[in-house]
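Let's take a friendly walk through one protein model. Have a look at the sequence and the structure, then read on.

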Amino acid sequence: MDNVLVLKDYKTVPDIVHEYEPTLKFGHIPLVIDNGSYQCRVGWSINDEPHLIFKNLIARPRKDRCKKDAEPPVTPPIQIGNDIINIEAVRFQLKTQFDKNVVTHFEVQELVCDYIFSHLGLDSDGCVPHPIVMTEAFVTPNYSRQLMSELLFEGYGVPALSYGIDSIFSFYKNNIGDSGLIVNCGYHTIHIIPVIRGKVIAEHARRINLGGSEIISYLHKLLQLKYPVHVNAITMSRIEEILHEHCSIALDYQDEIKKWANPDYYDMYVKKIQLPYVQNTSSSTLTAEQQKERKKEMARRLLEINARKREERLAEDEEQLQQLLAIQDLIEEGDTDEFEEAIKTFDIKSYADLQRQIAIVQGRIDKNKQRIAAAANPEEVEVRPSGRMQPPQDPEAFQTWLAETRAKYSEIVSRREARRARRAAMVRRRTAAAAERMRVISRLAAAGDEFGNQDSDWDVYKSISREADSDSDADGERLLELEEALREHEPAPSSSLHHQLHLAIEPYRAPELMFQPSMMGNPEAGLAESMEYVFKHFSAEDQLLLANNVFLTGGCSQFPGLKERLEKELLEMRPFQSTHKVVMAGDPSLDAWYGARDFAGSNDFESCCITKEDYYEMGGEYLKEHHASNRYYRSPPPIVDNTLAPAGDANVVKEEIVVDC
């Protein structure tokens, strides 16, 4: 248990309701919301850290039928964010406002906004009298932004609103220049965004529809397929914990696979994860004397079973011997035709073969009779187990004896399995064993009647006979003795060993999806290939600017080894002796909120906000562009199809009817 890791099974802590201080209430302080598809981060622009960090999820638990009349209700009708204490209990009732990384379900978004404003302690009579900085996805559709503006302006009455891209906020927060290649590794997507001299080149940006959600799902399937017995214990929450704490990016994935093919490397570096289990507390109430008597009774029953099997085999052999002797009498009486018909049923080719088979059966009968006679002697029954299988009393000698007993047991089991595999291979066509058998038979057929004159011919016969590989009686009895000895003296393995996950290549295989999406059936290009494709759209000078400032941000950029892997990929794709540099965000998860907070506290913030008047005049899709925003493209007017309308008459005067309500 020294190297076994225990799952922590983190539980969320419900968010407190923060105090709505007078400084906030009357200071017109902007509110910063980083609306991520995995986590939402909310805080005031004058604070150093966000007040709320929670998963962007809601759950509608099933009603408790037994307690539906309870006052107040035992389970709240809707749980949001950190109010979901046990997320696995409501896994199938979870909902999110996102489709990939774009907000599409605004009934869920409204519930999340209610959660945000209520936990910030806002008591301003149904409205939010604060400007809001809201992050959105790169190239968010106008329709999604229109519904978001409608919700905030008309539902909550916010005075001003500004949108910005989370990854670009993070880029400028780290102060690494105005040119670079942003690699934003998110929960659902990976964005590769080139920025040249402060300008986002949106037409050459690329998106990979893969992120942390797909990596978690892939690792979940891998471990459930590897451990089908523990399907229920391998939950998504535990997979997230394993991903966050034990997964990393391999510098060379193929080389990593070869390493894990070595058993010694596997034993040295495998990570053992202990799953929760219930210890079996039922202990035997028998005394030492009663246990000893029970073992004697089991030994006696084992001897009876062996004796019964010997008697059955003896009866079968005696019956077979009588049949073979009857066939021998036929040839002695000169009835050759009947002899030839009779030996076909026993797969016997000649009279010499018959004599040999009679000798074999007679030998088996004599040996079985000797064993039955020996087993009938009670003194020998007592001496044999105590003499041959009684372990030594010395602890060191006992461990040696136990190891030797295990080795003998394994050897006999391996020998029996090899014989059974060979028999099965000889029965099937087109196997190496069957082909070898046919080759030997063909060679013997060419030898003619001389086969059988020498004793060595019997070894050849055994090599081609399908019955020659049958399990020997001695091996069977010895195996039973060893099993009984191990069952009695070997310490029982701990039940915890049966509830462990062994992580070998899986912690490298799951994050490798970022570079090889085809591993899960996604036909898109991987991260390195997409970056190379983006480089090709720029001049050599601009390529150098981008390559010297590759900026990693987003939650999935925190995998250990990702920076080194990208540096290796850049070395392979870039021209000889050209320079490159990969920069990691200071806090990949929170830098987007920090950047939006700094923007909300800048002098240019008010000029970059859309007001309610702008919303009514320009429409909900409108936004004011700034250094971290999407570009604004006005949606084209809807196409009116007049082909099916009746042709108008020029002489008809159209009048407008006004209805006074």
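## A buried serine

At 17% relative accessibility, Ser-124 counts as buried, a label for residues under 20% relative accessible area with a 1.4 Å probe and protein chains only. You can find Ser-124 in the loop between α2 (106-119) and β10. A polar atom of its side chain lies 2.4 Å from the backbone oxygen of Cys-127.

This is a predicted model, where local features need pLDDT of at least 70, side-chain atom pairs count only at pLDDT 80 or more, and totals for chains, interfaces and linings use all residues. Residues are numbered from 1 along each chain as its sequence is written, and side-chain values use heavy atoms, with hydrogens and water left out.

## The sheet

Next, follow the open sheet: its 6 strands run in the order β4-β3-β2-β10-β11-β20, with mixed pairing. Strands here are DSSP runs of E with at least two residues, and helices are runs of H or I with at least four. Two strands pair if DSSP finds at least two bridges between them. β4 (52-55) and β20 (610-611) stand at the edges with a single partner strand each, so one side of each has no neighbour in the sheet.

Strand β2 (residues 31-35) pairs with β10 (residues 132-136) in the parallel sense over 3 bridges. Which residue in β10 is the bridge partner of Ile-33? That is Met-134.

## Two crossing helices

The axes of α4 and helix α21 (residues 591-600) come within 7 Å and cross at roughly 75 degrees; axes are lines fitted to C-alpha atoms, for helices over the stretch in contact (heavy atoms within 4.5 Å), and angles run from 0 to 180 degrees between N-to-C directions. The two helices, α4 and α21, are therefore roughly perpendicular to each other, the term for angles of 65 to 115 degrees.

Key. Buried means under 20% relative accessible area, exposed over 50%, partly exposed in between (1.4 Å probe, protein chains only). A polar contact is a pair of N or O atoms within 3.5 Å; within protein, one must be able to donate a hydrogen and the other to accept it, and residues adjacent in sequence count only if both atoms are side-chain atoms. Angles under 35 degrees count as roughly parallel, over 145 as roughly antiparallel, 65 to 115 as roughly perpendicular and the rest as oblique.
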